[in-house]
Number of protein chains: 2
Amino acid sequence: MANQLNLSIDRSSPVPLYHQVVQGIEAAIHTGILEPGSRLDNEIDLAAQLNLSRPTMRKAMDELVRSGLLVRKRGVGTQVVSSQVRRPLELSSLFDDLSNNGAKPTTDVLTFSHDEADDPTREALHLPRGAMVYHFTRLRKVGGKPLALMENWVRDDITPLTEELLGSQGLYSVLRNGGVNFRLATQRIGAVVANEYQATQLDTVPGSALVTMERTAVDDTGRNVETGHHVYRADSYSFEMTLVQR
Amino acid sequence: MANQLNLSIDRSSPVPLYHQVVQGIEAAIHTGILEPGSRLDNEIDLAAQLNLSRPTMRKAMDELVRSGLLVRKRGVGTQVVSSQVRRPLELSSLFDDLSNNGAKPTTDVLTFSHDEADDPTREALHLPRGAMVYHFTRLRKVGGKPLALMENWVRDDITPLTEELLGSQGLYSVLRNGGVNFRLATQRIGAVVANEYQATQLDTVPGSALVTMERTAVDDTGRNVETGHHVYRADSYSFEMTLVQR
DNA sequence: TATGTCCGCTTGATAGGACATACTGCCTTT
DNA sequence: AAAGGCAGTATGTCCTATCAAGCGGACATA
């Protein structure tokens, strides 16, 4: 019983073949054509069906295994993971995440300055003494309701930042448009209770629970572009992720 | 100026060649032989130096790029990421994490039962009506200081669980010894303020900040093996991770 | 009938080649 | 001298091939 994937591979597309396969199988899983727990045909047959070589097919399946949609067992086969897999934590800003989910986030820029970096910031961004950074705090709302209070520091030798830019789109979007290719980020997630200031800004009461995130992002040239400290209302936000065993 | 990696590849070892290369380069980076920001030789030369084929070399470098230790740019080359990369969030238990860091964790089993699963648990573990599960709560301490309060549910058709087992080692260790091969887990991290019970157990005061984690783990046969809800003292624990852009 | 061995199926690992594409820097041209 | 094009280099993609290793069922034997 071969499962018909009905994928169409466009060899003239600039999209790599293996990635077209990834997208096709992802779509098949999400639309239910491939049911959770069902077994796929073996790699060689699948490659033959799509007129691809086995390594290309394997590369596609590797990605799907890494993202947790498939599990492979030698000598047995490959099957669709039964549970619904969440998207992994993306290297994107909260703004993008919310927009992608159909929400309409807004941003209030509370403070904005262009100053000499203090010691912790210099260390986080690997900057020399006397270097300048943008420093700003923003309040992110969804549907008029405050969700996150964000304080960030960005090195100033990349692209000019203005209050207007930050008020209209996400930080990562601004930086990407400025030519930054993010490669990785280190982040730490914890918890605190809201102080007076945070409670006021987030429209809650002092003593309520907040999720905290500290993040430093690195671009493809190895520069530490941005570091920040964010707090989120715990009743409105949590970090969800999928871990895959290597 | 070729950098001499001085890797020795053992072709008779059962460890795959590409993984030996991964380990070798990881070691070189951690010992400082490869400095942050330095460029590696190109793939073809490296493969030649180690008497490997280019695909094998690429597979090794792929892993290192994925884990965030290297960045590659087409037409330019591959370089060591400047910032120190933390270990990614592993699919392991808190007990293992602490042990690996040299700590000596202890576990108090507060409650332990073998009951019929309630509705939320049946849904989380994809169990039929009337299925039985182990249900237990544990208190994890380090150096006598309470760190985490953990409540878990485990399906009972895998391996027998006892209070004694859970008191002496981590849950994941017990399950792995029972033949479970974990493949992935979905988890959600948030925050709450401690209630009276949590505060008492964790030796803190009601109203202090706690980090929460809910997790469901899936094994290589697609079974949802374990689900749980943990709370950690926010002053002693946070989740640290590295995100890599794909 | 029960047990142990073997074989076929499937994924895992490795090799080597060919061509595509992006980036850098040099060289030519204006 | 500045701007544009071109060549070199490195990674990206894709192919054909081959052997290794784990798993499960079939088959033969005690």
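Tutor: A polar contact is a pair of N or O atoms within 3.5 Å; within protein, one atom must be able to donate a hydrogen and the other to accept it, and residues adjacent in sequence count only if both atoms are side-chain atoms. This is a predicted model, in which local features need pLDDT of at least 70 and side-chain atom pairs count only at pLDDT 80 or more, while totals for chains, interfaces and linings use all residues. Residues are numbered from 1 along each chain as its sequence is written, chains are lettered from A and ligands numbered from 1 in the order in which they are written, and side-chain values use heavy atoms, with hydrogens and water left out.

Student: How far is a side-chain N or O atom of Thr78(B) from a phosphate oxygen of DNA strand D?

Tutor: The distance is 3.1 Å. For Asn42(B), a polar side-chain atom also lies 3.1 Å from a phosphate oxygen of this DNA strand, and for Arg58(B) the value is 2.8 Å. Elements giving two or more residues to the surface near DNA strand D include helix 3 (54-66) and strand 2 (77-80) of chain B. Helices (H or I, at least four residues) and strands (E, at least two) are DSSP runs, numbered from the N terminus.

Student: Which residues come nearest to DNA strand D?

Tutor: A residue is near a strand if one of its heavy atoms lies within 4 Å of it. Among the 23 residues around DNA strand D, the nearest are Arg11(A), Leu17(A), Thr56(A), Gly75(A) and Glu43(B). Helix 3 of chain A gives the largest share of this surface, four residues. Of the DNA atoms within 4 Å of the protein, 72% belong to sugar or phosphate, and the rest to bases.

Student: In what order do the seven strands of the open sheet stand?

Tutor: Two strands pair if DSSP finds at least two bridges between them. Here the order is 9(A)-6(B)-7(B)-8(B)-5(B)-4(B)-3(B), with antiparallel pairing. Strand 9 (239-244) of chain A and strand 3 (105-116) of chain B are at the edges with a single partner strand each, so one side of each has no neighbour in the sheet. Strand 3 of chain B is joined to strand 4 (residues 132-142) of chain B by 11 bridges, and Val109(B) stands opposite Arg138(B) of strand 4.

Student: Is Ile29(A) buried or exposed?

Tutor: Buried means under 20% relative accessible area, exposed over 50%, and partly exposed in between (1.4 Å probe, protein chains only). Ile29(A), in helix 1 of chain A, is buried at 14%. Not counting residues up to four places away in sequence, Ile29(A) touches Leu34(A), Leu69(A), Leu70(A) and Val80(A), where contact means heavy atoms within 4.5 Å.
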